[in-house]
Amino acid sequence: MQPPSTSARAARMERKTVELEEGWRFMAASLAKIRRAVDGDGERLSGEEHMLAYATVYDMCNQREPHKYSQQLYQRYKDDLESYIASTVLPALKEMHGETLLRELLERWTKHNRVVSHGNMLFCYLNRYYVPSRSLPPVEELSPAAFRRLVLKELKSTMTGAMIAMIDDEREGKFIDRDLVKNVLDIFIPVGLGHLDDYQVDFEQAFLEGTRDYYSRKAQTWILEYSDSDYMLKVEECLQNEKERVAHFLDSSIEPKLMEVRHAFRVDNKGTKDRRRKFEEF
């Protein structure tokens, strides 16, 4: 490979220093253009604009001190992501409930990912040296963490309640949009950076408790309506339905816990001694 020519070296040496505020104004404008395009409100960044934005970040990270701005760019991009979520994504969801909330949440999450994927490409040079040197999360992890903290934690009760209500409707024989429930639950994985902690704390615990409550109420009615054998068949039918539900839209790790729901069918105070014995053998 030939070394750079004298003219190329001179051009590099004479390249204008990009000051922090000037460079950030340009990057913020690029991010705003990406967001307008995703919202259907403007044109996308052209290839030339994309290259220029990436080059701006590169230059601001590699200028001579005191004009190296890696730390400031990382922090400002992080702050900008959080501001976008707090001012645009969350307000659109806070007043919604039920299935309407879940549909809007899914749409906002999808758009948010498109916005962030383009933005991350502009700032990915930070991952090369600055991020590992400071043991910081890479730029692609900033958005999931912010969405988790600013949206899911804020809406978890309303969101979980809406999903449980839909599942209860299905248990009552109504048709529900299973794909909607699955796709909303799938959000927990990327925002948890591949871990199930948020899924288990924010959804699973409430779901299992709601399931026990649902079948405890049903048991009090069915015990009066069905014979011993029919009652046990009803229990088996319910457990099979719950297994099928796990296969379609719940994480497989929940199945052993969900099968413990059979204890909700205990009706010691109303059942006969023979019925209690049969249940214990079930």
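The second largest pocket in this predicted model has a volume of about 250 Å³. A pocket here is an open set of points, on a 1 Å grid over the protein atoms alone, where a 1.4 Å probe fits, with protein on both sides within 12 Å along at least five of seven lines. The volume is the space filled by probe spheres set on the points, which are joined across faces, edges and corners.

Thirteen residues line this pocket, and Cys 61, Lys 68, Ser 70, Tyr 130 and Arg 134 lie nearest its centre; a lining residue has an atom within 4 Å of a point. Helix H3 (47-62), helix H4 (70-94) and helix H6 (130-134) each give two or more residues to the lining. Helices are DSSP runs (H or I, at least four residues), numbered from the N terminus. By class, the lining holds five nonpolar, five polar and three charged residues.

Let me stay with helix H3, where Thr 56 is found. Is Thr 56 buried or exposed? Thr 56 is buried, because its relative accessible area is 10%, and buried means under 20% (1.4 Å probe, protein chains only). Beyond its neighbours within four places in sequence, Thr 56 is in contact (heavy atoms within 4.5 Å) with Val 18, Gly 23, Phe 26 and Met 27.

I turn now to Leu 250. Not counting residues up to four places away in sequence, Leu 250 touches Leu 185, Tyr 199, Phe 203, Phe 207, Arg 245 and Leu 258.

Finally, residues are numbered from 1 along each chain as its sequence is written. Local features need pLDDT of at least 70, side-chain atom pairs count only at pLDDT 80 or more, totals for chains, interfaces and linings use all residues, and side-chain values use heavy atoms, leaving out hydrogens and water.

How values were computed: Nonpolar A, V, L, I, M, F, W, Y, C, P; charged D, E, K, R; others polar. Buried < 20%, exposed > 50% of the residue type's maximum accessible area, 1.4 Å probe, protein only.
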